[in-house]
Structures are given as structure tokens and as C-alpha cells.
Amino acid sequence: MLKDEHSAAVVDDLGLGAPKPAVPPNEPGTQLITAEQFILQQRMARFPTTSGEFSWLLSGITLATKMVAAQVRRAGLTSLLGSAGEINVQGETVQRLDVFANQALLHCLGNRGNVGVLASEENEQPVIALQDPEGGKYIVVFDPLDGSSNIDVNVNVGTIFSIMRRDMSNTSDPGADVLQQGTRQIAAGYVVYGSSTMLVYTTGDGVHGFTLDPAIGAYVLSHPNMQMPDRGNLYSTNEANADSYPEYCRRFLHWLKSGEDGTAYSSRYIGSLVADFHRTLLKGGIFLYPPTSQYPKGKLRLLYEANPIAMLAEQAGGRASDGQNRILDIEPTDLHQRVPLFVGSRYEMDRLEEFARRMKMR
Ligand code: P6P
């Protein structure tokens, strides 16, 4: 998309150029609100002086993920299916859609002007995108296409992102600024490419969901103020690994399945973190990726998987830990470091942590 067309699209998305909603409200009192308009209204409400910079940054994410969604929808029809034949920094076979998604995010965010550093699961080192040494005050860390091994079997995949501020006094090594505690995130979110394409994000003022309306090419507010149920009846984990889980996890899962507390839990596991978390956010319950024999430190990545998911969970009333520590309190030491991840409703998370405490006391 040419820069001018894109700028016009962003202006239109923000509702600044369109004198009336692109699609008439479907009933009196409802109004079509795009993600960019919503973030602008939120910021104006809380910070009237905001220049809309954040909304401009977010439009980089919405544009890139619309491009990814278009390809995911057609993956079976194009040559994007299957492996790109490369192995990424994680030692995993890179899927062609991974490459496309990574390039789309690097391009759309790299030319925002206010994003100084980009860090991706697909890149060993952070990418410095400073067009102006004084500019680029934001850092975006992302997993461009999480769960990509599911692409060929048409299962939901997702993009996960975390947004932080740079230390503008550090002009010598801006890349080092990505190693920030999760509590320092100013925003976090994901896009789940499923039966519909949904953007879910938080800027620390609740969690809000937007569904991509292909008719107008905009993410439209569909789930304002998302709240995770205080408890659920679903648990989500890869049971094939359960024998190698720490004992407190095995005992917790046994208790969960026993129905001792009167709830008959069901198991749901998709194998795409974004899809498994999205269901947990909507239905409640708990998602667990504990330490295993293959991943003794856990499999999921702290900076671009656990941290953004943890911020969303807490903003929606849930909890996220590594079994001992709140995820958001963990001090990162490496861009690609792994952590165990337990995330879900307050009730199930409290029960899990009771088992963890009890086992430590023996
Ligand atoms: P397993 C996908 O590869 C991923 O990184 C996450 O999206 C998902 O939660 C996890 O790995 C699944 O791992 O070992 O159960 O296949």
C-alpha cells in the first residue's frame, strides 16, 4: 500500500477524514468504533494532551496484522504453505507465513517514526529502527506468528506484541532497552487468526476486543472491557508432558480432575498459545505450560509471549505466574529466555499456588 494511500486509510480509520461512520450503526445508539478511534478516545479521556502518537503506532500493528490475516485466509491457495526450509534462532523450522508475518511487522512498525527498537521471535538480535536519534521512543517486541506449526492443518494461529518505552538517554545501545520487567509494558495484545480475526489489547485501562470487518478492512470494537471469569471449568495443558511436570503440578491436575471441589473440569488444548489463552480469557479456567524434561525452564518466551499475556490476564482480572513468581515481576536477562507459564482465573491460580506452597513446605 502506497504511503499516501496508507495515510489516507489511517486518517479514515481514525474517523478523522470520514464525516460519518463507514457503515451505518446497526441499531440506534450503537456506533462503529475502530481500534484506532477507540485508543484515541481513551487517550484523550485520560491524557487530553496525547498527540495520538500511540494510535499511530497501533495503526502499524493493525495494518501489518490485516496483511497477515489476508495471507492466513488464503494460505492453502498460495505457495505460503509449508516450511521455508530455514531453521530460526529457536532451532524451529520456519514456516513461510512466519517469514511473511515477520517482514510485515518489521516494515509497518519500522516506518512509524516513533518506534525505535523492534525485537522479534524470528530475529536473534533486536532491530534498531531509529530514523531520528532523538525519535523512536517506543519498543515493540513481538512473536509474529505464534503457533505457526498449526498453519498447515488450518488451526488458529496468532500474533503477540508487547510495547515498552525506550530509555532515551541510552543512545549507545538502544537494543539493550528491550530487557525490561513486564510491569514496564505500556501496552500489550494479540491478534488471533481464527474463525474471525480479532485484535485484543490493553494499555493498562482494561482489555478490549476488536473484530476485523473484512467489508471495511477495519478492526471494529466488538468486546469492550473483557473480564476473565473468576473461575472456570476448563484446564489447558499438553498432557503428553504431564509425567515430567513438577510434583505440585501433577497433584494440582489430579485434584482438578477429581471433581473434589464439585466442578467437573474438561480439557481443551489447541497448541497455539494465543488460541488457548483467548479461550481462557473468555471462559475462565487455567492454562499451564510447566517445566518439562524437554523444556526444564518452560517452553514459552518471557518477553514476547508470557509478559503480554500476563498483562492482559491481570487487566482482565486474572493472574499469571511461573509457579513461584508473578510473571510481570520477572527481571529478563535475555531476549529469548523461556519461562514456565501458568495463567488463568483467580480461583484456579490460587488453588495451583496452594499446591506449590504445600509441596515446598515438605
Ligand atoms: P507443545 C507453539 O509452538 C507454542 O510456541 C505456543 O503457541 C504453544 O502454546 C506451545 O508452543 C505448544 O507447545 O509442546 O504443546 O506443542
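What you see is a predicted model, in which local features need pLDDT of at least 70 and side-chain atom pairs count only at pLDDT 80 or more, while totals for chains, interfaces and linings use all residues. Residues are numbered from 1 along each chain as its sequence is written, and side-chain values use heavy atoms, with hydrogens and water left out.

Let me begin with the chain as a whole. The protein chain has 8 helices and 17 strands, helices (H or I, at least four residues) and strands (E, at least two) being DSSP runs numbered from the N terminus. Of its 362 residues, 55% are buried, and the chain exposes about 15700 Å², with carbon and sulfur atoms supplying 50% of that area, by the Shrake-Rupley method with a 1.4 Å probe, where for residues only the protein chains shown count as cover.

Now to the cores. The largest nonpolar core contains 41 residues, and Val140, Ile163 and Tyr201 have the most contacts inside it; helix H3, residues 53-74, contributes the largest share, 9 residues. A second, separate core has 32 residues, among them Val192, Ala310, Ala316 and Leu328. Returning to Tyr201, and leaving aside residues up to four places away in sequence, its partners include Phe38, Leu58, Phe161, His208 and Leu312, a contact being heavy atoms within 4.5 Å.

Which residues surround the ligand? Among them are Asp146, Asn238, Tyr269, Leu273, Phe287, Lys299 and Glu305, counted as near when one heavy atom lies within 4 Å. Turning to individual atoms, a polar side-chain atom of Asp146 lies 2.8 Å from a ligand oxygen, an N or O atom in the side chain of Asn238 is 2.9 Å from an oxygen of the ligand, and at Leu273 a backbone N or O atom lies 2.8 Å from a ligand oxygen. Taken alone, the ligand exposes 400 Å², of which the protein buries 81%.

Leu273 also belongs to helix H6, residues 273-283, and is one of the buried residues there, together with Asp276, His278 and Arg279, among others. Helix H6 is mostly covered, with 9 of its 11 residues buried, and the helix is followed by Gly284, whose phi is positive, near 85°.

Terms used. Polar contact = N/O pair within 3.5 Å; in protein donor to acceptor, adjacent residues only side chain to side chain. Core = buried A, V, L, I, M, F, W, Y, C linked by side-chain atoms within 4.5 Å. Buried < 20%, exposed > 50% of the residue type's maximum accessible area, 1.4 Å probe, protein only.
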